[in-house]
Amino acid sequence: MNPLEKLIKQKQEILEEKSEYERKITELSNMVTSLNHSIYNECGKLGHEYVTEIESGMYGETYNICKKCGVYN
C-alpha cells in the first residue's frame, strides 16, 4: 500500500469514527430530552412551584421558572 492509499484509508477510518460519535451524541441528546419530559411530567403531578426571574439590563426579559424542576413557563 502506497503512502497516498494509507492516508485515504486513515481519513476514511476517522470519518467513520466521527460518524459513530455523532450518532452517539444524537442518541444521548434524545435521551436527555426524554428525561426532561419525564421530569416535567412528574413535577407537574406534584405541582410546579414557579418563581419569577428578570434578566438584568434595561430590557431584561421576565421568566417564570419552576424551583423544583427548572422548567420555563
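Trainee: What is the reach of α1 from its first C-alpha to its last, and how does one know what to expect?

Mentor: Helix α1 has 44 residues and reaches 64 Å from first to last C-alpha. The expected span of a helix is 1.5 Å times one less than its number of residues, and the reach is close to the 64 Å expected on that basis. Helices (H or I, at least four residues) and strands (E, at least two) are DSSP runs, numbered from the N terminus. This is a predicted model, in which local features need pLDDT of at least 70 and side-chain atom pairs count only at pLDDT 80 or more, while totals for chains, interfaces and linings use all residues. Residues are numbered from 1 along each chain as its sequence is written, and side-chain values use heavy atoms, with hydrogens and water left out.

Trainee: What caps the N-terminal end of α1?

Mentor: Asn2 does, with a side-chain oxygen 3.0 Å from the backbone nitrogen of Leu4. A polar contact is a pair of N or O atoms within 3.5 Å; within protein, one must be able to donate a hydrogen and the other to accept it, and residues adjacent in sequence count only if both atoms are side-chain atoms. After α1 comes Gly47, whose phi is positive, near 105°.

Trainee: Why is the contact of Lys24 with Glu27 called a salt bridge?

Mentor: The term requires a side-chain nitrogen of Lys or Arg within 4 Å of a carboxyl oxygen of Asp or Glu. The closest N and O atoms of Lys24 and Glu27 are 3.8 Å apart, and the pair therefore qualifies. The two residues are three apart in helix α1 (residues 3-46), separated by about one helical turn. Lys24 and Glu27 also belong to a network of salt bridges with Arg23.

Trainee: What makes Lys45 exposed but Glu42 partly exposed?

Mentor: Buried means under 20% relative accessible area, exposed over 50%, and partly exposed in between (1.4 Å probe, protein chains only). Lys45, at 64%, is therefore exposed, whereas Glu42, at 46%, is partly exposed. These two residues form a salt bridge, with their closest N and O atoms 3.1 Å apart.

Trainee: How do you know that the pair of Glu49 and Lys67 links distant parts of the chain?

Mentor: Glu49 forms a salt bridge with Lys67, the closest N and O atoms being 3.7 Å apart. Glu49 is in the loop between α1 and β1 (50-54), and Lys67 is in the segment after β2 (62-66), 18 residues apart. Glu49 is partly exposed at 38%, and Lys67 is exposed at 57%.

Trainee: How many salt bridges does the structure hold?

Mentor: The structure holds six.
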